[in-house]
Amino acid sequence: MNTLVQWRGNVVSEEKEAKALRHVFDDLQDHFGHQRPDPRVRFNIVNLAHPGQGHIWHGDVEFTYDIEGDHCNLKYMSMDVCVDLTPKLVHRHGQPMLQNYGKTWVYVYLPQPTIDRIKSYVKAGTGWDVSDEGFIEDPNRNVTAIEAKMNHRSEELPEPSFWAMKDKDASEGEEEIMSFSRIGSVQVVMAQSHQQHVHRGVGIFSVTMEVEGTPNFMPTPGEGDEAKLRFTLVSARTWGFTESVAPIVYAPSKWH
């Protein structure tokens, strides 16, 4: 029998899910990042389905974390990123550019090796090779940008939360503990002029997979097709601004 568990005021139906939520959101464990150990997580594709029109099959990616010997499933994964809250050019030469930036989507930046590691995890867990579509590479800086979607209809799902690091707490003889305060949604924070910078930290995402195929036959890995990954930013834990990553100003090919 499942036991209802509280996590941050929300009722969670499974104790293992609550354990995974604390592991990923609160303790920031097993996230992908530069010079970090390989995360103890497996990627799984679930519910690959055809919407009834077109040639694209869609599926959610679920993540199984190995937490002290327990295998805990969760809909979220995390990685070291820089979240770009800088203003963008809305119009250029009369043409709209980067519409709804900061409302329905944002750029997040991360090193190419992190992308490569994520692709290897997708391959190992699902059998699918991952397409480069959706990853915008700046080879001069070895940085890759992702257009991360954001929920903006709060009546359906909450907007992505934005957390800033508090002063580190440390008792005598104990290690410093990193803690964060929620300062609003990403949309609210981006509207504040003093926050319009590139923020470095950990981004927590849900991930969906898209695969081309005919409506009547579910595509399978290993037949030449590649899967596309789509990231939705759910929460950001940040510890300050960074000047080392130049933001995209108005188009993927036009880095500042």
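Predicted model: local features only at pLDDT ≥ 70, side-chain atom pairs only at ≥ 80, totals over all residues.
1. Strands E6 and E14 run antiparallel and are joined by 8 bridges.

2. E14 has other partners. Strand E15 (residues 228-241) runs antiparallel to E14, with 11 bridges between them. Here Glu210 stands opposite Lys228. Strand E4 (residues 56-67) is also antiparallel to E14, and 5 bridges join the two. In that pairing, Ile56 faces Glu212.

3. Is E14 mostly covered or mostly open? Mostly covered: 11 of its 15 residues are buried. In a regular strand, side chains alternate between the two faces of the sheet.

4. Now the second largest pocket. Its space comes to about 260 Å³. Lining it are 15 residues, and the closest to its centre are Asp80, Val81, Cys82, Pro111 and Arg200. Strands E6 (77-84), E9 (105-111) and E14 (198-212) each give at least two residues to the lining. By class, the lining holds 8 nonpolar, 5 polar and 2 charged residues.

5. After H2 comes Gly127, with a positive phi near 90°.

6. Which residues of H2 are buried? They are Gln112, Thr114, Ile115, Ile118, Lys119, Tyr121, Val122, Gly125 and Thr126. An α-helix has 3.6 residues a turn, so residues three or four places apart point the same way. Check the buried positions of H2 with that spacing in mind.

Note on methods: Residues numbered from 1 in each chain as written. Heavy atoms only, no water. Buried < 20%, exposed > 50% of the residue type's maximum accessible area, 1.4 Å probe, protein only. Helix = DSSP H or I, 4+ residues; strand = E, 2+ residues; numbered from the N terminus. 1 Å grid on protein atoms, 1.4 Å probe; cavity = no way out; pocket = protein on both sides within 12 Å on 5 of 7 lines; lining within 4 Å. Points joined across faces, edges and corners; volume = space filled by probe spheres on them. Nonpolar A, V, L, I, M, F, W, Y, C, P; charged D, E, K, R; others polar. Pairing = 2+ DSSP bridges.
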